[in-house]
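Me: I'm new to this structure and would like to learn how to read it. Could you walk me through it, one feature at a time?

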Amino acid sequence: MPDDASDEQTLNAEFDALAGRAGIEIPESRRPAMLEGLKDLKRMTQLMRQPRTAANEPAGAYAILSITRSV
Amino acid sequence: MTKPLHDCSIAEAGALLRNGTITSTALTEHALDRIKTIDPLISSFITLTAEQALADAATADADFAKGVDRGPMQGIPHALKDIYATAGIRTTCHSKLLVDNVPTEDSVVAAKFKAQGAVLLGKLATHEFALGGPSFDLPFPPARNPWNPDHIPGGSSSGSGAAVAAGLVRMAMGSDTGGSIRGPAGYCGTIGLKPTYGLVSRRGVFPLSYTLDHCGPLSWTVEDSAIAMEVIAGFDPKDPGSADVPVPDFRSKLGAGVQGLRIGVPRQWFVKTDGVSAETIAAIDDAAQTLAKLGATIEEIELPDFELFNACGRVIMFSEAFAIHEKDFQSRPLDYGLFTYLRMSMGAFTTATDLTQAMRLRRELALAVNAKLKDCDALITASTLGPATAFAEIDPNRPPNLLVQTMPFDVTGNPAMSIPTGFSKSGLPLSMQIVGRAFDEPTVLGIGAAYEAATNLHLRRPSFAVAKAA
């Protein structure tokens, strides 16, 4: 089981990889707050992964007439 | 006339304008005097357009004299959140990045008010790009809460909420992506209507998140929001999110009461949330009883967990916001205020898969809410979860996560209106929101009007504003 230190190490590595991919340079002074934000974001993206079938698609997700005609 | 001018609603002022009791010039001068006296204490305006406002008021007066009536906003002073493009008038998004931005064209909403002969008093404070705030590292100070200037007015339509509550304008436009109309309305004790997605054109309003952004009014009375909607609603073929549907009669149910309506309450959403104030829960329970006494059937219902809506909305909002700002974020990141930077950077960390999962969840959540609204005519639930936070309680190094439950109806697109439910012991407003079926703003407004008439909470103004009123 990973310990807290390795969790932090993994989070930091992920943080650096994502920031690099996005092409942003992050001042060291802002890193702690952003790491906290990333933790919260990961909690949210995990929460969104509910069981669903392949047929469960997002088309029209924000077109409310597409929603109301389906209920 | 028994009321001070600033306490006259749009409907009341409109009647006085039309019977010749007052002029638009008098209304505008009164508002400008009030802004001069009160706004230094609440910083709700970024840009005041006094000279143009007086010229527009004179034009409105000339029109009234000639018998020309362009609609209910003719001659009425109002203001716009500073993300609405205004031709020839600085539109800053409260940001260093756009501090000198002067658009050449009006946003659709600004153009519609102008076409009606409404009088624009100026542009209002916001959280930077409708996302980051309240902040002290931006070109303009943050707006403050008229009920207690040591407290925040909520955001991001912070200036809109503050200006309406202080009686500087009867109606101001805001925008709502995760609750930015309803949050300030809740904290400042005003009405705040987030219309159905697609009902009001967003063209010319600086986007925060394309699929979540809604434009809507904050006002002192329910009727005044209905009047604003009459002016601004309608299909815009050049807004990709605009809905080509008939525009309802927004005032049609204002006097209809709530007899026979079924109103659902997803009570578990707010009673189980960490940090909700007991006063908020008691006020919503009281509101439900009031509506029941007026003839509505109140029914506790269950909806998917609130945190699912919140996660879904935030992942979409961060992703879309970062996509909009990517180039500036890469090239001049430190020109953004700290809170904007910290919030927006989360969009750099979302993946395409995260966004797709969020959109799939969004459809599931929208279906769940609209299925409940087949049985219920409307829902009531918390808007803000307590009174406004004090500035002193906000960590200057971390953007605050304000306790509001507004995101679900940005995710689903249903109309939702914040309305005051009373006051905390500390004298700050409490609120709830009324949620309706898609494009059924008239029912939302009708329930709000019935509740407003039963409680008369709108008769209480911030003593701060009253004391300073000239």
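Predicted model: local features only at pLDDT ≥ 70, side-chain atom pairs only at ≥ 80, totals over all residues.

Me: At what angle do helix 10 and helix 12 of chain B pack?

Reply: Here is the general idea: two packed helices are described by the angle between their axes and the distance between the axes. In this case, helix 10 (residues 306-331) and helix 12 (residues 352-375) of chain B pack at about 135°, and their axes are 9 Å apart. That angle makes helix 10 of chain B oblique to helix 12 of chain B. The crossing of these two helices of chain B is left-handed.

Me: What about helix 9 and helix 14 of chain B: at what angle do their axes cross?

Reply: The axes of helix 9 and helix 14 (residues 441-455) of chain B cross at roughly 100° and come within 10 Å. That makes helix 9 of chain B roughly perpendicular to helix 14 of chain B. B:Ala287, B:Thr290 and B:Leu291 make the contact from helix 9 of chain B, with B:Tyr451, B:Ala454 and B:Thr455 from helix 14 of chain B. The classes here are four nonpolar, two polar and no charged residues.

Me: Let me zoom in on one residue. Why does B:Ala288 count as partly exposed?

Reply: The count of neighbours decides this. B:Ala288 counts as partly exposed because it has 19 C-beta neighbours inside 10 Å, whereas a buried residue needs 20 or more. Its place is in helix 9 (residues 278-293) of chain B. Leaving aside residues up to four places away in sequence, B:Ala288 touches B:Val265, B:Ile298 and B:Ile380.

Me: Now for the whole chain. How many helices and strands are there in chain B?

Reply: Chain B has 15 helices and 11 strands. Its C-alpha atoms fill a box of roughly 60 × 60 × 45 Å along the principal axes. Buried residues make up 60% of chain B. Of the chain B contacts between residues at least 6 apart in sequence, 78% join residues at least 24 apart.

Me: And how many helices and strands does chain A have?

Reply: Chain A has three helices and zero strands. Its radius of gyration is 18 Å, well over the 11 Å that the globule rule gives for 71 residues, so chain A is more spread out than a compact globule. In chain A, buried residues make up 15% of the 71 residues.

Me: Last one: how many residues of chain B are in contact with chain A?

Reply: There are 39 residues of chain B in contact with 29 residues of chain A. On the chain B side, helix 10, helix 11 (338-344) and helix 12 are the elements that give two or more residues. Helix 12 of chain B gives the most, with 14 residues. By class, this side of chain B has 20 nonpolar, 11 polar and eight charged residues.

Key:
Residues numbered from 1 in each chain as written. Chains lettered and ligands numbered in written order. Helix = DSSP H or I, 4+ residues; strand = E, 2+ residues; numbered from the N terminus. Buried ≥ 20, exposed ≤ 12 C-beta atoms within 10 Å, placed from the backbone. Contact = placed C-beta atoms within 7 Å. Axes fitted to C-alpha atoms, helices over the stretch in contact; angles between N-to-C directions. Parallel < 35°, antiparallel > 145°, perpendicular 65-115°, else oblique. Left-handed = near helix turned anticlockwise from the far one by under 90°. Nonpolar A, V, L, I, M, F, W, Y, C, P; charged D, E, K, R; others polar. Rg over C-alpha atoms; globule rule 2.2 N^0.38 Å.
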